[in-house]
Amino acid sequence: MAQATERLQRYLEDELGACRSEDVERRLDELGALERALGESRVEAELDVLSALASETRYTLVRVLVAAGEELCVCELTPLVDVSESGLSHALSKLVDSGLVEGRKEGRWKKYRATNRAVALVTVLEGSVDE
């Protein structure tokens, strides 16, 4: 921590022209407030969502459901991913747990749709990649 504080002090000296220990303490307080505003539980929840997308199978499923704009049956999703039935079930379960997909049972069929969160994330990701 001492090394980080010394480096912050050098930075503040460059930015302000002079730096007192009060300046360093004030900046550390401001940075601590930023960190607390993020909230540890919120960061963990966001990491869970990112983790859910960190698999080609799960990301493909989300992209397909977003593009479809409607519910799709598991039987319609199966041909799109090269995984076993249990692998598909596990992938969909993780997506449901992360809030990216919602599922419902209709008779003997299980249907899934993308949530607004999934639509927003896919939209952002699509806009972040050059083709």
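Colleague: Where is Asp23 found?

Modeller: In this predicted model, Asp23 sits in helix α2, which covers residues 21-38.

Colleague: And is Asp23 buried or exposed?

Modeller: Asp23 counts as buried, because its relative accessibility is 8% and the cut-off for buried is under 20%.

Colleague: Which residues does Asp23 touch, leaving out those up to four places away in sequence?

Modeller: Leu12, Leu16 and Ala18 are the ones Asp23 touches on that basis.

Colleague: Nice. What about Glu25, where does that one lie?

Modeller: Glu25 is in helix α2.

Colleague: How many Å separate the C-alpha atoms of Glu25 and Gln9?

Modeller: Those two C-alpha atoms are 9.6 Å apart, with Glu25 and Gln9 being 16 residues apart along the chain.

Colleague: Switching to the surface: which residues form the nonpolar patch?

Modeller: That patch is made up of Leu38, Val43, Leu47 and Leu50, and together they have about 360 Å² of accessible area.

Colleague: Which helix gives the patch its largest share?

Modeller: Helix α3, spanning residues 40-53, contributes 3 residues, the largest share.

Key: Residues are numbered from 1 along each chain as its sequence is written. This is a predicted model: local features need pLDDT of at least 70, side-chain atom pairs count only at pLDDT 80 or more; totals for chains, interfaces and linings use all residues. Side-chain values use heavy atoms; hydrogens and water are left out. Helices (H or I, at least four residues) and strands (E, at least two) are DSSP runs, numbered from the N terminus. Buried means under 20% relative accessible area, exposed over 50%, partly exposed in between (1.4 Å probe, protein chains only). Contact means heavy atoms within 4.5 Å. Patches are made of residues with over 30% relative accessible area and no salt bridge: like charges are joined within 9 Å, nonpolar side chains (Val, Leu, Ile, Met, Phe, Trp, Tyr) within 5 Å. Accessible areas come from the Shrake-Rupley method with a 1.4 Å probe; for residues, only the protein chains shown count as cover. A salt bridge is a side-chain nitrogen of Lys or Arg within 4 Å of a carboxyl oxygen of Asp or Glu.
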